[in-house]
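This report describes a single protein structure, shown below. Please keep the sequence and the structure in view while reading.

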Amino acid sequence: MLSFLRRHFCLLYVLPGLACAAPAVAQAPPVAGPVVLDVVTFQVRTDGENHKMVVTTGPGLMRVDEPDDHFSIIYNPQTDHYTGLEHSNYTYWEFSWPEVRAAVQASKRYESYLQKATLDGFDNSASDSATNAEATSPAPAPEDSGYVWNQTQERKKIAGIDCIRWTGQTASGGNVEVWCSTGALPKVQAAMERLRTINEPVALVPVRILVPDFVFPVYDALV
């Protein structure tokens with residue numbers, strides 16, 4: 001899978017004393033119409049660290065900026081192509097999700113073949129092979145956040161939206177607090193679904209963590 005991940009380092013060279021003739025002024029292209037962008041910001045704090053996610057969606061393109069973690073991801077939904085921008089060292093990486101997915105599926109098929117060869121002579125070898133083949137299908141969404149939720153009386157405005165603080169606690173003592181709106185927020189819901197779509201490929205390629213693990217179960221429990 002790592003063979004499909006390409007890292008690049010970009011340098012811009014400036015040659016002193018090199019004179020260039022000014023290019024001819026070309027006729028300006030016609031001004032295009034305005035482009036509507038949806039911008040939604042999520043703020044997550046875990047283990048004492050902030051993880052701010054700014055999701056920007058436009059025609060045919062999606063971008064996620066994580067300023068606290070110093071990187072961005074640009075996603076092209078037409079080609080399923082990912083480009084990661086590393087802010088701290090001016091590098092970028094990229095991968096094609098169809099290529100990574102094919103490699104993962106091929107690995108699963110090879111694993112199934114090895115298990116079938118190992119179990120050769122047993123009656124259940126065929127059923128084991130079928131079970132492993134089914135493992136290539138997407139994993140089901142989490143059904144339970146694992147938290148017991150309580151609504152508090154604390155209220156505040158976030159981005160002009162009235163919010164109420166909810167707290168959740170697990171049997172092992174883990175806790176989380178979430179500020180929730182009582183009304184529907186279609187843009188927030190759409191941005192979360194887009195994050196969910198691109199999170200699996202980014203998680204399979206071990207470069208960056210896009211969304212902390214607990215975010216989706218918590219969101220599903222409180223949506």
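V35 sits in the loop between β1 (6-9) and β2 (38-46). With a relative accessibility of 56%, V35 counts as exposed; the classes are buried under 20% relative accessible area, exposed over 50% and partly exposed in between, with a 1.4 Å probe and protein chains only.

V35, L37 and V39 make a nonpolar surface patch of about 280 Å². Patches are built from residues with over 30% relative accessible area and no salt bridge; like charges are joined within 9 Å, and nonpolar side chains (Val, Leu, Ile, Met, Phe, Trp, Tyr) within 5 Å.

## Basis of the model

The model is predicted: local features need pLDDT of at least 70 and side-chain atom pairs count only at pLDDT 80 or more, while totals for chains, interfaces and linings use all residues. Residues are numbered from 1 along each chain as its sequence is written, and side-chain values use heavy atoms, with hydrogens and water left out.

## Overall make-up

The protein has 4 helices and 10 strands. Their order along the sequence is β-β-β-β-β-β-β-α-α-β-β-β-α-α.

Of the 223 residues, 28% are buried. The protein exposes about 15,300 Å², with carbon and sulfur atoms supplying 56% of that area; accessible areas come from the Shrake-Rupley method with a 1.4 Å probe, and for residues only the protein chains shown count as cover. Among contacts between residues at least 6 apart in sequence, 38% join residues at least 24 apart. A contact means heavy atoms within 4.5 Å.

## H70 and its surroundings

H70 lies in the loop between β4 (61-66) and β5 (71-76) and is partly exposed, with a relative accessible area of 43%. Leaving aside residues up to four places away in sequence, H70 touches L85, E86, H87, S88 and R208. The C-alpha atoms of H70 and S88 are 6.2 Å apart, although 18 residues separate the two along the chain.

Most residues other than glycine have a negative phi. Y90 also has a positive phi, of about 60°, and is not a glycine. Y90 is placed in the loop between β6 and β7 (91-96) and, at 64% relative accessibility, counts as exposed.

## Salt bridges

The whole structure holds 8 salt bridges, each defined as a side-chain nitrogen of Lys or Arg within 4 Å of a carboxyl oxygen of Asp or Glu. Side chains of opposite charge can pair when their charged atoms come close. One of these bridges joins E86 and R208, with the closest N and O atoms 2.6 Å apart. This pair links distant parts of the chain: E86 is in strand β6 (residues 81-86), R208 is in the loop between α3 (186-204) and α4 (215-222), and the two are 122 residues apart. E86 is buried, with a relative accessible area of 10%, whereas R208 is partly exposed at 24%.

D162 and K157 form another salt bridge, at 2.8 Å from N to O. K157 is exposed, with a relative accessible area of 57%. E154, R165 and E177 are linked in a network of salt bridges.

## Helix α3

α3 has 19 residues and spans 28 Å from its first C-alpha to its last, close to the 27 Å expected at 1.5 Å a residue. The expected span is 1.5 Å times one less than the number of residues. A kink of about 30° lies at I198, shortly before the proline P201; the bend at a residue is the angle between axes fitted to the seven residues ending there and the seven starting there. The buried residues of α3 are A191, M192, L195, I198, N199, P201 and V202.

An α-helix has 3.6 residues a turn, so residues three or four places apart point the same way. E193 is partly exposed at 35% relative accessible area, and R196 is partly exposed at 25%.
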